[in-house]
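Here are my notes on this one, point by point. Have the model open while you read.

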Amino acid sequence: MENIRKYIPVSQPLLDDSEKQHVLAALNNGAISGLYGDALEQFETGFSNYCNSRYGISTSSGTTALHLVLAALNIGTGDEVLISTYTNMATFFSALYQGATPIPIDSYSGTWNLDPSLIEEKITAKTRAIVVVHIFGHPVDMDPIMEIAEKYSLYVIEDCAQAHGAQYKGRKVGSIGDAGCFSFYANKIVTTGEGGMLVTSNKELADRARSLKSLAFGTGNKFMHKEVGYNYRMSNLQAAVGCSQLNKIDLIIERKREIAGQYRTLLYDIPQIMLPIEKPGNKNVYWMYHIVHREACDITAQTVMNKLRDNGIETRPGFIPFNMQEIFIKEGMAHASDCPVANHLAANSYYLPSGPELTDNEVVYITNIYRRIFKNQAAS
Ligand SMILES: *Cc1c(COP(=O)(O)O)cnc(C)c1O
């Protein structure tokens, strides 16, 4: 078959002449830092508009966007933050940078997002915020989260690092809670190489975050600082790449949804696995095509990943949840048994190639190999 690479990576960014032209324009203007340049403002405005949020504050990464919002909300020592356990550990690290205590919340079977029914029992007098993660691009069930947050006066922060453009009941993720944090790392839905953005419609929060992200420079004399700030600035060169990517975002999402549809058509009848879903009222952007082996599956996830690798197909294992991280168990901050659903995911899931550059023929090739692995297993 044509168009099949010898080695198919999980995802590659869609870069072409448009990115080059944007970056070249920034270079020609000498606008290379994070303090100066049109691309920064254009990207912040463009992306926050895309999210239906009033303000966009670009950052150096998704991790720094998450830390910035917690710092701007004064969440710190003595405070507890409820966080979806099944995530990139950056979500948890951001709370730890602030000296706050992260409390892991287990996942919900099907979407693998945090289970809203487990939240209320974890709330104490110290709880300040809930950090939800729209994992692999499927929106969290936000209505019950917002209801609980209202009842207990908690902030809601959306980690949207995997979910640019995803929608919950017609609303873009990132615009539902108090703030949304995005990553533009190379393998995210759109990229600036490294980078991130905090979006919010709360002016006070936006102003404080914008100040904190750039060393909290003074307003009269710049060098009389307002408080202890950070340098979490995105550069104008990165923002230039972002402006170009923003022109393609809907195309990329459309392609990812097509790929997911194709995978489903070709894999739906394998009873031992669970495929990504899209619950009614949601728009999943399928950041990665994440497959979970059922309890009864008689082939290990590792075996499948090894066999795919032998056929030139890259996969990545599921995340290791907070409660399974050795560094936290050793400190007594986490207990392996806390989140059984997420623990199952860590040992029994992986994601298949699902980048926007993937061709239809490659999906057919991957699923043929995949089906053969399961068929041989059933026969043996
Ligand atoms: C990628 C990611 C992050 C971190 O973003 P970086 O830009 O790599 O710092 C945080 N949370 C989730 C869910 C992610 O997928």
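Which helices each supply at least two residues of the shell around the ligand? They are α3 (62-72) and α4 (90-97), with helices (H or I, at least four residues) and strands (E, at least two) taken as DSSP runs and numbered from the N terminus.

1. Ground rules. Bear in mind that this is a predicted model, where local features need pLDDT of at least 70, side-chain atom pairs count only at pLDDT 80 or more, and totals for chains, interfaces and linings use all residues. Residues are numbered from 1 along each chain as its sequence is written, and side-chain values use heavy atoms, with hydrogens and water left out.

2. The ligand shell. There are 15 residues around the ligand, a residue being near when one of its heavy atoms lies within 4 Å. Those that come nearest are Gly62, Thr63, Asp159, Ser183 and Lys188. Helix α3 gives the largest share of the shell, 3 residues. By type, the shell splits into 9 polar, 4 nonpolar and 2 charged residues. In that tally Ala, Val, Leu, Ile, Met, Phe, Trp, Tyr, Cys and Pro are nonpolar, Asp, Glu, Lys and Arg are charged, and the others, Gly among them, are polar.

3. Polar side chains at the ligand. Ser183 puts a polar side-chain atom 2.7 Å from a ligand oxygen. For Gln162 the distance from a polar side-chain atom to an oxygen atom of the ligand is 2.8 Å, and Lys188 also has a polar side-chain atom 2.8 Å from a ligand oxygen. On its own the ligand would expose 380 Å², of which the protein buries 91%; the areas come from the Shrake-Rupley method with a 1.4 Å probe, and for residues only the protein chains shown count as cover.

4. I'd look at Lys248 and Glu19, whose side chains meet in a salt bridge at 2.6 Å, N to O (a side-chain nitrogen of Lys or Arg within 4 Å of a carboxyl oxygen of Asp or Glu). Lys248 sits in the loop between α7 (236-246) and α8 (249-267) and Glu19 in helix α1 (residues 17-28), so the pair ties together parts 229 residues apart in sequence. Both ends are buried: Lys248 has a relative accessible area of 11% and Glu19 one of 4%. Here buried means under 20% relative accessible area, exposed over 50%, and partly exposed in between (1.4 Å probe, protein chains only).

5. Other salt bridges. The structure holds 18 salt bridges. One of them joins Asp143 to Lys169 at 2.5 Å, N to O. Asp143 belongs to helix α5 and Lys169 to the loop between β6 (167-168) and β7 (171-172), so this pair links parts 26 residues apart in sequence. Asp143 is partly exposed at 36% relative accessible area, whereas Lys169 is exposed at 52%. Glu120 and Lys151 also meet in a salt bridge, at 2.7 Å, N to O. Finally, a network of salt bridges links Arg5, Glu357 and Glu362.

6. The nonpolar core. The largest nonpolar core has 41 residues, meaning buried Ala, Val, Leu, Ile, Met, Phe, Trp, Tyr and Cys residues joined through side-chain atoms within 4.5 Å. Phe43, Phe47, Tyr86, Phe136 and Phe184 touch the most other members. At least two residues of this core come from each of α2 (38-50), β9 (196-200), α7, α8 and α11 (340-348), and α2 gives the largest share, 5 residues.

Key
Polar contact = N/O pair within 3.5 Å; in protein donor to acceptor, adjacent residues only side chain to side chain.
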